[in-house]
Amino acid sequence: MTRSLLSLVFVLTASGVGTLVARRGPDRFDHSTHATLFPSCVSCHAGAVDAGAALLPSADVACASCHDGKGQRLVTWSPREGPRASNLKFDHAAHPKGGTCLACHADPGSRWMQVRAATPQGCFACHGLPAEHLAQPDSTCATCHRPLSEAPAALTSAQVARFPAPPSHAVAGFGADGGHAAAARAGDRSCSTCHARDFCAECHLDGAILPSISALGPDRRSLALSVNLRGPASHRRTDFERAHGGQARASIQVCATCHTQPSCSACHATTPRAALTLATHDPRPGRDGAVIRTPPPSHREASWASGHGPPAAARPQSCAACHARSDCLDCHRPGPAGGANGYHPTGFLVSHPAQAYGRQSSCADCHNTQAFCQDCHRQSGVVASARLLGGFHDSKQAFVLGHGQAARQSLESCVSCHAERDCLACHSATRGRGFNPHGPGFNADRLKRKNPGLCVACHATTP
């Protein structure tokens, strides 16, 4: 019975030891336990003084003489392969001599082989710089760090995401308002320590044509750094909607950073002339400085619906930036049931001949100039008693004597009532009274350049 229990204990103990051995991870080299074996660091780290040698030794060379499985157990330690996962460009062999390994890799007063990793503070103390890493001027980053696009592949995106931001990046006005652009335009290579072209393209649609951005190397790891996209302070001003047109005309290149032509057409009925220099589309899906169309402050006033008429009449070009005439007619064209507000102001009936003749508005947008005008004139009794005679034309009895100039300036107005046969009754070269329709001082070439359609009316065989 006792022998059986002892056997069971032995089996369990052996099984536990076997489990421990199986779970042992890769061995790590302990400097302090090897202090009596190595009188010099370069015994293992020959690369610290010889650029052609490895900085870390291999286990079969440095360890196998002792850890042969007889005197000492075999070890599974293996050196790091490839470059360190860092964008630090420090090189032991190329670094100026004059110090010992322990000056950087040990605390003051430490015993031999009580080592630690070197810290930036040690470098700053030796070089007479502020002890705090991020207290260094931004322009000094490139002194110790290589560009991110040149960093080894061992440096992962997760490690890049943990890069600390310098204090300068937290200063108001550094981001969207352009404070960071000064350093980029000055050619500061330190920006490339953490950033690459891919990062800048998150905000800069025009990055390909900006020397400060196109000079950066591409690197997708830079996208691990988060950026909060915000519009510049000028966009948050209450008068920005009213004033942005002048700003865009003055410096459309600034707008090109975030916007394309669709940004403008979100509000403008037609693309403004200044915006024609913007890109037609954004190759970055879902970006394009999205613009949400909102009415301007004046439109949000309670009295705007009843009082917009005078501003619209005074500045119709301002309304035309967003509205088409059909927007007005949705309210101002009376329907079959009536009751809608009229489009024309009070007293328009009296003044409409002059406005129609002077092209102050386009009657044809709403009216059929043939049927509507004639029907209204007949109903009102404003009809000619004879062709070109009577009181039809602004009550001028002698209108026939000066109608030629009016016809040449606005023939479209004449066709509201007249057909070509009315003209040919007098102005035919083959019949009628034979009056020359061209008038004194007629310049055929000039009229042809200005309105060749008038020539076709009489001179074409198949108009």
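## Basis of the model

The model is predicted, so that local features need pLDDT of at least 70 and side-chain atom pairs count only at pLDDT 80 or more, while totals for chains, interfaces and linings use all residues. Residues are numbered from 1 along each chain as its sequence is written, and side-chain values use heavy atoms, with hydrogens and water left out.

## Overall make-up

The protein has 23 helices and zero strands, these being DSSP runs (helices H or I, at least four residues; strands E, at least two) numbered from the N terminus. Of its 463 residues, 17% are buried, a class that means under 20% relative accessible area, with exposed over 50% and partly exposed in between (1.4 Å probe, protein chains only).

Where contacts (heavy atoms within 4.5 Å) join residues at least 6 apart in sequence, 58% of them link residues at least 24 apart.

## Salt bridges

The whole structure holds four salt bridges, each a side-chain nitrogen of Lys or Arg within 4 Å of a carboxyl oxygen of Asp or Glu. One of them pairs Arg 220 with Asp 198, with the closest N and O atoms 3.8 Å apart. Because Arg 220 lies in the loop between α9 (211–214) and α10 (240–250) and Asp 198 in helix α8 (residues 197–200), the pair ties together parts 22 residues apart in sequence. Arg 220 is exposed at 62% relative accessibility, whereas Asp 198 is buried at 17%.

Another salt bridge joins Arg 116 and Asp 107 at 2.6 Å, N to O; Arg 116 is partly exposed at 30% relative accessibility, and Asp 107 is partly exposed at 44%.
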